[in-house]
Amino acid sequence: NPTLNDTILGVSEDEANGFSIGFLVGSDADGETLVYRLDSAEYEGAFEITGEGEVRVLNTNLIDYESDVSHYLYVSVLDPDNRKASALLTVNISNANDNSPVFNDTTIVMYENESVGNSIAKLFASDADNSVLTFRIDYQEHANTFTLTNSGDLVLANASEVDYETDSTHLVMVYVTDGLATDSGLVTVML
């Protein structure tokens, strides 16, 4: 009779259709040629198994780390006499930077007499991949009034531009990146 052990393989969520993840390895005491097959899967159509035991990505759209970090497939191996051994194949999904950060427009209220160097607000963005995000100012209507740390702290840099009677709002266009993808939004600072 053939034998087949439970197997764990891994693949990144961004691999292309047809990508080879690895091979199932069964054995047969008689040394007969074995044929492998996929009996059932948690996500039908995500992976395929060739008769030779190669495990490949069939539909990359069904593989998403943010939805499920592991896929479970029930596989079997048959010898020429149709004797069968079954096993569980676990495919662990690794995260890829495949989602863009999201930064929403926001309004901040600050005091007119705020001190230079003070953090006015902590800006936040989200990223489904939990990537490290970096912030920067793309544009501000009053140049050099604010600075922005990489981690999103909006800091007053020049108090001479902050005067309620002259201009009660300051517009700052903020750009955020996860290293690959970007988003931007408008920060309205109201005095």
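A salt bridge here is a side-chain nitrogen of Lys or Arg within 4 Å of a carboxyl oxygen of Asp or Glu. This is a predicted model, where local features need pLDDT of at least 70, side-chain atom pairs count only at pLDDT 80 or more, and totals for chains, interfaces and linings use all residues. Residues are numbered from 1 along each chain as its sequence is written, and side-chain values use heavy atoms, with hydrogens and water left out.

There are nine salt bridges in the structure. In one of them, R83 meets D79 at 2.7 Å, N to O. D79 is buried, at 3% relative accessible area, while R83 is partly exposed at 28%. Buried means under 20%, exposed over 50%, and partly exposed in between, with a 1.4 Å probe and protein chains only.

R83 also pairs with D30, with the closest N and O atoms 3.4 Å apart. D30 sits in the loop between β4 (26-28) and β5 (35-41), and R83 in the loop between β8 (70-78) and β9 (84-94), so this pair ties together parts 53 residues apart in sequence. Strands are DSSP runs of E, at least two residues, numbered from the N terminus. D30, E32, D79, D81 and R83 are linked in a network of salt bridges.

Now the sheet. What is the order of the three strands in the open sheet? The order is β3-β7-β6, with antiparallel pairing; two strands pair if DSSP finds at least two bridges between them. β3 (20-23) and β6 (47-49) are at the edges with a single partner strand each, so one side of each has no neighbour in the sheet. Between β6 and β7 (residues 54-57) there are three bridges, and E48 has R56 in β7 as its bridge partner.

Key
Helix = DSSP H or I, 4+ residues; strand = E, 2+ residues; numbered from the N terminus.
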